[in-house]
Amino acid sequence: MEEHRFEPVFDKNSRILILGTFPSVKSRETNFYYGHPRNRFWKVVADVLGEDVPQTMEDKKAMLLRNGIALWDVCEKCEITGSSDSSIKNVVPVDIKRITDNAPIIKIFANGNTAGKLYDKYLKDKTGIEITVLPSTSPANAAFQTDRLLDKWKIIKEVLGDENV
């Protein structure tokens, strides 16, 4: 059983929450989200927000918080083979209320189908918020080139810019 070892990123101004499944092997080594150099998460989010791609953990956190974005994963603990989402089993979900009780979250996005399915199974009843599944930024998602990812992920900026949500 692997355990999630780093904290969620959020503050009292976070309006959207992006959920992954569980940190990859490389992310567990670097002790932060999307640590694999070929994962496109940081490039895609920075491009969508019109920012430079952050390089340090501090810069990544600052970019998210500056833009009202919270970041976490669905699984607090699970059995996983390597970094394969399809191998995840025996899930212990995170305490999602830790974020939703302390930030005005209006929308939740999943980074990939597995995160969306796990959210629906373990967390949706705790938040009452529907999740929007976005294509995974993982290098394993070869079907989505970066330009296609950007096209789908731009909804984040649209939600953040919509004061009537």
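Which backbone oxygen does the side chain of Arg28 reach? It is the backbone oxygen of Gly82, at 3.4 Å. The views below are taken from a predicted model, in which local features need pLDDT of at least 70, side-chain atom pairs count only at pLDDT 80 or more, and totals for chains, interfaces and linings use all residues. Residues are numbered from 1 along each chain as its sequence is written, and side-chain values use heavy atoms, with hydrogens and water left out.

View 1. Helices (H or I, at least four residues) and strands (E, at least two) are DSSP runs, numbered from the N terminus. The pair formed by the Arg28 side chain and the backbone oxygen of Gly82 spans 3.4 Å. A polar contact is a pair of N or O atoms within 3.5 Å; within protein, one must be able to donate a hydrogen and the other to accept it, and residues adjacent in sequence count only if both atoms are side-chain atoms. Leaving aside residues up to four places away in sequence, Arg28 touches Glu2, Phe22, Pro23, Ile80 and Gly82. Contact here means heavy atoms within 4.5 Å.

**View 2. Ser24, in the loop between E2 and helix H1 (25-30).** Ser24 is buried, at a relative accessible area of 18%. Buried means under 20% relative accessible area, exposed over 50%, and partly exposed in between (1.4 Å probe, protein chains only). The side chain of Ser24 reaches the backbone nitrogen of Ser27 at 3.0 Å.

**View 3. Asn31 and Tyr34, in the loop between H1 and helix H2 (41-49).** Asn31 has a positive phi of about 65° although it is not a glycine. Tyr34, also not a glycine, has a positive phi of about 50°. Asn31 counts as partly exposed, with 38% relative accessibility, whereas Tyr34 counts as buried, with 13%.

**View 4. Packing of H2 and helix H3 (residues 57-66).** Two packed helices are described by the angle between their axes and the distance between the axes. The axes of H2 and H3 come within 11 Å and cross at roughly 40°, which makes H2 oblique to H3. Axes are lines fitted to C-alpha atoms, for helices over the stretch in contact, and angles run from 0 to 180 degrees between N-to-C directions. Angles under 35 degrees count as roughly parallel, over 145 as roughly antiparallel, 65 to 115 as roughly perpendicular and the rest as oblique. The crossing of H2 past H3 is left-handed. A crossing is left-handed if the near helix is turned anticlockwise from the far one by less than a right angle, and right-handed if clockwise. On the H2 side, Trp42, Val45, Ala46 and Leu49 meet Lys60, Met63 and Leu64 of H3.

**View 5. The two faces of H3.** Lys60, Met63 and Leu64 are the buried residues of H3. Seen down the axis of H3, these residues fall within an arc of 95°, so they line one face of the helix. The arc is that of the directions from the helix axis to the C-beta atoms. Their cover includes H2 and strand E3 (69-73). Glu58 and Arg66 are exposed residues on the face of H3 turned away from its buried side. Gly68 follows H3 and has a positive phi, near 75°.

**View 6. Packing of H2 and helix H7 (residues 146-153).** The axes of H2 and H7 come within 10 Å and cross at roughly 55°, which makes H2 oblique to H7. H2 passes H7 in a right-handed crossing. Phe41, Lys43, Val44, Val45, Asp47 and Val48 in H2 meet Thr146, Leu149, Leu150 and Trp153 in H7.

**View 7. Buried and exposed sides of helix H5 (residues 113-122).** The buried residues of H5 are Ala115, Gly116, Leu118 and Tyr119. They cover an arc of only 170° around the axis, which puts them on the same side of H5. Elements covering them include strand E2 (16-20), strand E4 (75-79), strand E5 (89-93), strand E6 (107-111), helix H6 (124-127) and strand E7 (131-134). The face of H5 turned away from the buried side carries the exposed residues Asn113, Lys117 and Lys121.
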